[in-house]
Amino acid sequence: MLEAVRREWFPSTHLDRETLNWVIVYNYIMALESNGGVGTNGDSTLVSICYDRGSLRLLDQRKLPLETIYLDIKDTTDGWDAIREMVVRGAPAIAIAAALSLAVEVSNVEKSLTGSSNDAASFIIKKLEYLVSSRPTAVNLADAAKKLEDIVLKVSATTGKTASVFQAYIEAAEKMLTDDVADNKAIGSFGAAFLQSQIVVDRKLSVLTHCNTGSLATAGYGTALGVIRSLHNEGILEMAFCTETRPFNQGSRLTAFELVHDKIPATLIADSAAAALMRAGRVHAVIVGADRVAANGDTANKIGTYNLAVSANYHKVPFYVAAPVTSIDLSLSSGEQITIEERSPKELLFSRGGLGEQVAAHGISVWNPAFDVTPASLITAIMTEKGVITKTGNGDFNIGEFIHSA
């Protein structure tokens, strides 16, 4: 019964309040199944964000795959810390977790806050600015904050009631949660269909992915990993190869965990083995996610993505980016303008991404960028929930035209 209802309601991106309540409660219940184990939703994909109005719990991804711990997020301070310390990670999930952390705070304090509707909007905007400072590279967080800010400003200009402003914010933040899953499923569908049309082989497809772009990095299903899920569901996936993704090991800890959980044929490789895998002819395509895509197609993603793109280009393996349109930043003409976050030296000096014992020599200097930028010239196409962005006749992306016509 639950599954039948979920399949009828969940794909919709335009949910009324009653349906939204169902999805939120259903998502939360599924996250508590299996005696406290890692939650799943109705189609067995993992749930990292468990939300009910006034309550938010985030799966602590630093502990996976050895421990399953959900942390209570009571306000924006908790949300900021969870994002910065990578309790939650992945550009879409970061934006949703941030928005919902403020929704929880607003739900719990709105009755005690006094003042005008403009005061309420100011309160929310300041909190959003604070949350955006947690991780600067992923555009989804800043994009979500701007959209939420526009909503509260519009409401505050038409009402004198603080409650109306707070209610509008909460509902908009909740809608982000449900919309993300539908968008991810669309990315997976468009991406899988496009791959089948572009890559002609006499056997099933094998793909390589980097970092974690699945249910743990989004509200559910995933972007690049969503494409892999769709390929598997359609019976045309031979093997999903995932890199370990050092130094935080999102590939070996998280992507491998998801693939095994979903019973998708998968093989883990060392980051440094990718070129050899391509040379052996065992990969038909590389599919990665994105934290920010510039107007020309230059793409910031987890450090090591650029390495894969260079190797793929040399070995003539098509290289795809899978991301929602919210990851596209048309205000930046190229990747040269993308701010690259640098992480703590501890992530390299200590095992387990900085959480374990020291493994490097005392006194060694560390350069630890969290992301790199892959030039558009190395990217074959960009898969989105609106369709697949391909290059024009001159070999360039016209992303602006695609966005405006989608």
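Visitor: How does the lining of the second largest cavity divide by class?
Guide: This is a predicted model: local features need pLDDT of at least 70, side-chain atom pairs count only at pLDDT 80 or more, and totals for chains, interfaces and linings use all residues. On a 1 Å grid over the protein atoms alone, a cavity is a set of points where a 1.4 Å probe fits but cannot get out, and lining residues have an atom within 4 Å of a point. Ala, Val, Leu, Ile, Met, Phe, Trp, Tyr, Cys and Pro count as nonpolar, Asp, Glu, Lys and Arg as charged, and the others, Gly among them, as polar. On that basis, the lining has six nonpolar, three polar and four charged residues.

Visitor: Which residues lie nearest the centre of that second largest cavity?
Guide: Residues are numbered from 1 along each chain as its sequence is written, and side-chain values use heavy atoms, with hydrogens and water left out. The space in this cavity is about 70 Å³, a volume being the space filled by probe spheres set on grid points joined across faces, edges and corners. Its lining counts 13 residues, and those nearest the centre are Pro247, Phe248, Lys302, Glu347 and Ala370.

Visitor: How many cavities of 30 Å³ or more does the whole structure hold?
Guide: The search covers the whole structure. The largest cavity has a volume of about 200 Å³. The count of cavities at that cut-off is five.

Visitor: Which element gives the largest share of the lining of the largest cavity?
Guide: The lining has 25 residues, with Gly90, Ala91, Asn212, Asp291 and Asn301 nearest the centre. Helices (H or I, at least four residues) and strands (E, at least two) are DSSP runs, numbered from the N terminus. Two elements give two or more residues each, α5 and β9. The largest share, three residues, comes from α5.

Visitor: And how many residues in the lining of the largest cavity are charged?
Guide: Eleven are nonpolar and ten are polar. The charged residues number four.

Visitor: Is Asp291 buried or exposed?
Guide: UniProt, in an unreviewed entry, places the feature "active site" at Asp291; its positions follow the numbering used here, feature names are shortened, and annotations may be inferred rather than shown by experiment. Asp291 sits in the loop between β7 and β8 (292-294). Buried means under 20% relative accessible area, exposed over 50%, partly exposed in between (1.4 Å probe, protein chains only). Asp291 has 9%, so it is buried.

Visitor: Which residues does Asp291 touch, leaving out those up to four places away in sequence?
Guide: Contact means heavy atoms within 4.5 Å. By that test, the partners of Asp291 are Ala91, Thr137, Ala138, Val139, Asn140, Ala300, Asn301, Lys302, Ser327 and Phe371.

Visitor: Which residue stands opposite Asn301 in β12?
Guide: Two strands pair if DSSP finds at least two bridges between them. An open sheet of four strands has the order β11-β8-β9-β12, with mixed pairing, and its edge strands are β11 (328-329) and β12 (371-374), each pairing on one side only. Strand β9 (residues 299-302) and β12 are antiparallel over four bridges. Opposite Asn301 stands Asp372.

Visitor: Which residues of β10 point the other way from Phe319 and Val321?
Guide: In a regular strand the side chains alternate between the two faces of the sheet. In β10 (residues 319-322), Phe319 and Val321 share one direction, and all of the strand's residues are buried. The other direction belongs to Tyr320 and Ala322.

Visitor: What is the bridge partner of Ala322 in β13?
Guide: β10 pairs in the parallel sense with β7 (residues 285-288) over three bridges, where Val286 has Phe319 as its partner. Three bridges also join β10 to β13 (residues 381-384), again parallel. For Ala322, the partner is Met383.

Visitor: What is the volume of the largest pocket?
Guide: A pocket is an open set of grid points with protein on both sides within 12 Å along at least five of seven lines. The lining of the largest pocket counts 25 residues, with Lys147, Met176, Asp179, Asp183 and Thr326 nearest the centre. They divide into 13 nonpolar, four polar and eight charged. The volume is about 590 Å³.

Visitor: Which element gives the largest share of the lining of the largest pocket?
Guide: The lining of the largest pocket takes two or more residues from each of α5 (91-109), α7 (139-156) and α8 (162-198). The largest share is eight residues, from α8.
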